[in-house]
Amino acid sequence: MGLGMTLGSHLGPLARSHIEQADVVFAGLSDGIVEMWLNQMHADVRSLQPYYQEGKSRMQTYRQMVEAILTEVRAGKRVCGVFYGHPGVFAWAPHKSIEVARSEGYPAHMEPGISAEDCLYADLGIDPGRFGCQHFEASQLLFYQRRIDPTAYLVLWQVGLVGDQSLARFSTGPAYKQVLVDVLARDYPLDHEITIYRSATLPIQQARIERVKLGDLPQAKVEMEDTVVVPPAAPLQPNAEIRARLAELDRAEGATPVGIL
Ligand SMILES: C[S@@+](CC[C@H](N)C(=O)[O-])C[C@H]1O[C@@H](n2cnc3c(N)ncnc32)[C@H](O)[C@@H]1O
């Protein structure tokens with residue numbers, strides 16, 4: 001289940017009851033204070049944080065997390081994995097744990113939470129339905145041939161460690177971010193203003209909302225918890241051919257077009 005991003009604010013009653021009724025709770029949280037808060041809700045909370053180690057492949061870490069969770073499931077316990085944000089958003093271990101549990105015949109359920117994505121829509125005043133919104137893991141955008149639509153929003157996750165092919169680092173330096181900028185520069189001007197965003201994880205904090213030019217991103221401080229938001233750089237292009245086809249249909253059905261958003 002997802003604990004949401006901000007301590008105390010995002011945990012619903014259903015998710016809370018899942019925690020309270022579990023025999024064992026595993027915690028994949030981003031903040032030590034949030035982990036202390038969770039510890040008060042249950043007597044057997046086991047942190048997944050020690051599995052992370054600089055120099056160790058994240059895939060190995062995630063597999064060990066899944067194994068730790070499944071070991072208790074196989075022992076017949078009711079197990080709750082608590083992850084910050086939404087447990088199914090840019091998170092491998094929660095999806096895998098559910099998949100493996102079900103494949104072995106155990107019932108498993110994912111309870112959604114409020115993710116960084118939800119917070120950024122609120123904090124930055126963005127409606128993803130206005131122009132559309134693409135989400136990419138930043139490294140995947142570099143490792144594969146992808147098509148970006150610069151008329152929509154672009155949200156980049158894990159920019160703090162962009163380009164890390166070892167999967168073993170917690171951060172990468174300016175030269176790696178420069179590669180990201182070079183890829184983005186195919187679709188965006190270098191003076192395009194982008195936002196480095198971090199939602200509050202404690203109620204006393206303010207969100208980080210820092211605007212920089214795309215070309216200055218390599219020198220900007222971007223950490224593991226930051227998400228980068230690139231607003232549209234070009235207007236939507238009307239599709240005359242499809243509009244004409246739809247107008248034909250409207251005429252045949254006696255509908256009167258009143259304009260398009
Ligand atoms: C492994 S993903 C986990 C996302 C999480 N499951 C969620 O629902 O938001 C980690 C990435 O989430 C984003 N992230 C994590 N904490 C954040 C925060 N406080 N504010 C904004 N983005 C955050 C960053 O892009 C970070 O690299």
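Modeller: A word on terms: domain bounds come from an automatic or database domain assignment. On that basis the chain is divided into domain 1 (13-104) and domain 2 (116-230). This is a predicted model, in which local features need pLDDT of at least 70 and side-chain atom pairs count only at pLDDT 80 or more, while totals for chains, interfaces and linings use all residues. Residues are numbered from 1 along each chain as its sequence is written.

Colleague: How many Å apart are the C-alpha centres of domain 1 and domain 2?

Modeller: The two C-alpha centres lie 26 Å apart. Across the boundary, 13 residues of domain 1 are in contact with 11 residues of domain 2; contact requires C-beta atoms, placed from the backbone, within 7 Å.

Colleague: Which helices supply at least two residues each of the side of domain 1 that touches domain 2?

Modeller: These are α2 (32-39) and α3 (58-74). Helices (H or I, at least four residues) and strands (E, at least two) are DSSP runs, numbered from the N terminus. By class, that side of domain 1 has 5 nonpolar, 4 polar and 4 charged residues. Ala, Val, Leu, Ile, Met, Phe, Trp, Tyr, Cys and Pro count as nonpolar, Asp, Glu, Lys and Arg as charged, and the others, Gly among them, as polar.

Colleague: Let us turn to α3. Which of its residues are buried?

Modeller: Y62, M65, V66, I69 and E72 are buried in α3. A residue is buried if 20 or more other C-beta atoms lie within 10 Å of its own, exposed if 12 or fewer, and partly exposed in between, with C-beta atoms placed from the backbone.

Colleague: Why are they on the same side of α3?

Modeller: Because they cover an arc of only 130 degrees around the axis, the arc being that of the directions from the helix axis to the C-beta atoms. On the other side of α3, M59, T71 and R74 are exposed.

Colleague: What covers the buried residues of α3?

Modeller: The cover includes β1 (24-28), β3 (79-83) and α4 (92-103).

Colleague: And what follows α3?

Modeller: G76 follows α3, and its phi is positive, near 90 degrees.

Colleague: Now the whole chain: how many helices and strands does it have?

Modeller: There are 9 helices and 8 strands. Of the 261 residues in the chain, 31% are buried. The C-alpha atoms fill a box of roughly 65 × 50 × 40 Å, taken along the principal axes.

Technical notes: Contact = placed C-beta atoms within 7 Å.
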